[in-house]
Amino acid sequence: MTVCLLLLSVVAVTAAVPVPRVLTRAKWPEREPVVALWVWQCLVATVLLCCVTALALGAAAVFGTVRAQLFAPAPPAVTAAYNLSAASPWTVALTLLLACGAAWTTAMLGRELAEARRRRARAREQLRERAPDLPAGLPEARGPLLVLEDEYPDAWWMPGSPPQLIVTTGALQRLTDHQLDAVLTHERGHARARHDWLLHLSTALATGFPRIPLFAHFCDQTHRLVELSADDTASRRCGHLTTALALIELNQHRGVLSCASSHRLLGERVDRLLAPPPRLTRHHRALTTAAAALVPLVPLLITFAPALTALP
């Protein structure tokens, strides 16, 4: 069991420290933001799975009740292969540390979801006070859409069941029909991919563990890549130029073309749409996705290796 815990620790540290720093310097995520999001999720899943499996093995070694429940269906040879009879002091310390980490992660996720629910409730209450009825002539093909009386040009989506698209009258006056279609397609891309859950998870992990590079980079890259992914959804339907012009018109008052750090992402998105980067080939995209999908299997292979060798 000691070897399993050491290997799990090595895999977790490798996935949490050097790999994210290498991935943030790579250029291909800008070309394939959806694949990049998948890779980041697989890295996070690998670290969390390493921690969970190490916690399970450590708890089985420290607590006889957990060992009896966890290895109840296994033959005696499997239990003997893990050598759970004697727990070293460092195993006890690691188990307690992982248990505290699991409790803290659960608390951070719960707090993030509770705060998101409160923010959503306040936003819906404000919309009920400000928004007029949907114009009768608006086509139903655009989905659930709420027009808000406001000269400030803006458009966003509000998660829920179902998610709701919101656009201001200022945006309707500033954008052409094709540009408005691009903006709404962008927001629908967020809704269909359920990017809100991914943003909540990345924010909770970054808030709970700010000193771990993986979670800090995961939060920053997720907020960036979900926008690039939604831009690609809009550009495939409406064209790169139309989507770029819609982004400029909708954010011109925010300084979309400025060099300020708060507006840098908007400028990068416009440049990316006006000069689309070369795409990965289907072969390389499939290899990258398959490799990312196999990464979370590493902790499971390490964990079950003693059991597989002990079976006749």
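Colleague: In which sense do β1 and strand β3 pair, and over how many bridges?
Modeller: In this predicted model, strand β1, residues 145-148, and strand β3, residues 164-168, pair in the parallel sense over 4 bridges, and within that pairing Leu146 stands opposite Ile166 of β3.

Colleague: Which way do the residues of β1 point, and are they buried or exposed?
Modeller: Leu145 and Val147 point one way from the strand while Leu146 and Leu148 point the other way, and all of them are buried. In a regular strand, side chains alternate between the two faces of the sheet.

Colleague: Switching topic, where does His195 lie?
Modeller: His195 lies in helix α10, which covers residues 195-208, and because its relative accessibility is 6%, under the 20% cut-off, His195 counts as buried.

Colleague: What about the largest nonpolar core, which residues have the most contacts inside it?
Modeller: That core has 23 residues, and Trp40, Leu214 and Phe215 are those with the most contacts inside it. The elements giving two or more residues to this core are α1, α4, α10 and α11, with the largest share, 9 residues, coming from α4.

Colleague: What does Trp40 touch?
Modeller: Not counting residues up to four places away in sequence, Trp40 touches Pro20, Leu23, Thr24, Leu214, His217, Phe218, Gln221 and Leu225.

Conventions. Residues numbered from 1 in each chain as written. Predicted model: local features only at pLDDT ≥ 70, side-chain atom pairs only at ≥ 80, totals over all residues. Heavy atoms only, no water. Buried < 20%, exposed > 50% of the residue type's maximum accessible area, 1.4 Å probe, protein only. Pairing = 2+ DSSP bridges. Core = buried A, V, L, I, M, F, W, Y, C linked by side-chain atoms within 4.5 Å. Contact = heavy atoms within 4.5 Å.
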